[in-house]
Amino acid sequence: MVKPDAGRFTVAEAEAKLRGPASRLPAVLLAAGSDDFLRERLVLACRAGAESEGAEFQRFEGDQLDAETFAGALATLSLFGEARRVWIREGSKMVRSVEETLLAWADAPGEGVFVLVTTARDTDELKFLETLAAKTATVSCGLGPGEGLAWAQRLAQEAGLKLPGATVETLYQAGADL
C-alpha cells in the first residue's frame, strides 16, 4: 500500500490506479462530490481491479454499517487472494463509531486492504469528510466548467463512436446529465 496521505487525484488518474494492483493504491481513497456518473466510474474501476487481481470486493452502505462489522472487514484476511477491496457507499452517512474506526485505520492501515469511500457530499460539507480528506487520498467527483463536455467526448471515444463535427457537444448540451 502507498502511504496514507497520498494527495489528490483526478477521476481519470484514480480510475487508472483502481484498475491496477491494490499494492499500488493508497490505503483509503475518498471520492466526494455530487456527480453520480463520476463516482460510479470509480466504483466500476475498483471492481475491475479487484477482479483482475483475484481480490475480494466488499460493499457496505454507510448508513447501515456498524463499527464491529467494519473493523472485522479491515482485520480479516482475504480467503481468495492477497488483497481485499472495501467500498463504503455514502460514507457521509456513517455513524460516529464507524467514522472513528475508519480514521484510526487511515492513520495505521493494515496490509492488503484498500478502502474506497464514496459520497455525494463535498468534503467541506461535513467535519468528518474534511478530517478524512486531510488524512487520505481524495478525488473530486463534481464537474467543473467545461468538464462535462470533455467527459462526453471521452465517453464517445471509449464507445468507439466517430461522430461528425460538434455532434458530441450538441448531444451534451441537449442532455440534462452525463
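**Figure 1. What covers the buried side of helix 5.** Strand 2 (28-32), helix 4 (96-107), strand 5 (113-119) and strand 6 (137-140) are among the elements that cover the buried residues of helix 5. This is a predicted model: local features need pLDDT of at least 70, side-chain atom pairs count only at pLDDT 80 or more, and totals for chains, interfaces and linings use all residues. Residues are numbered from 1 along each chain as its sequence is written, and side-chain values use heavy atoms, with hydrogens and water left out. Helices (H or I, at least four residues) and strands (E, at least two) are DSSP runs, numbered from the N terminus. Contact means heavy atoms within 4.5 Å.

Figure 2. Helix 5 spans residues 127-135, and its buried residues are Phe128, Leu129, Leu132 and Ala133. These residues cover an arc of only 130 degrees around the axis, so they sit on the same side of helix 5. The arc is that of the directions from the helix axis to the C-beta atoms. Lys127 and Ala134 are exposed, on the face turned away from the buried side. Buried means under 20% relative accessible area, exposed over 50%, and partly exposed in between (1.4 Å probe, protein chains only).

**Figure 3. The largest nonpolar core.** This core has 25 residues. Those with the most contacts inside it are Val28, Phe70, Ile88, Leu102, Val115, Val117 and Leu132. Strand 2, helix 3 (67-75), strand 4 (84-89), helix 4, strand 5 and helix 5 each supply at least two of its residues. Helix 4 gives the most, with 5 residues. Leu102 touches Val28, Phe70, Met94, Val115, Val117, Phe128 and Leu132, leaving out residues up to four places away in sequence. Another core, of 23 residues, lies apart from this one; Ala14, Leu38, Ala45 and Ala50 are among its members. A nonpolar core is a set of buried Ala, Val, Leu, Ile, Met, Phe, Trp, Tyr and Cys residues joined through side-chain atoms within 4.5 Å. In soluble globular proteins, nonpolar side chains tend to be buried together.

**Figure 4. Trp105 and its contacts.** Trp105 belongs to helix 4. Its relative accessible area is 9%, so Trp105 is buried. Trp105 touches Ala27, Val28, Leu74, Gly110, Val113 and Val115, not counting residues up to four places away in sequence. Leu74 is 31 residues from Trp105 in sequence, yet their C-alpha atoms are 8.2 Å apart in space.

**Figure 5. The largest pocket.** Its volume is about 200 Å³. The pocket is lined by 13 residues, and the closest to its centre are Phe9, Thr10, Val11, Ser140 and Glu147. Strand 1 (8-9), helix 1 (11-19), strand 6 and helix 6 (147-158) each give two or more residues to the lining. Strand 6 gives the most, with 3 residues. On a 1 Å grid over the protein atoms alone, a pocket is an open set of points where a 1.4 Å probe fits, with protein on both sides within 12 Å along at least five of seven lines; lining residues have an atom within 4 Å of a point. Grid points are joined across faces, edges and corners, and a volume is the space filled by probe spheres set on the points.

Figure 6. Cys46 counts as buried because its relative accessibility is 0%. Cys141 is also buried, at 0%. The count of disulfides (pairs of cysteine sulfur atoms within 2.5 Å) is 0.
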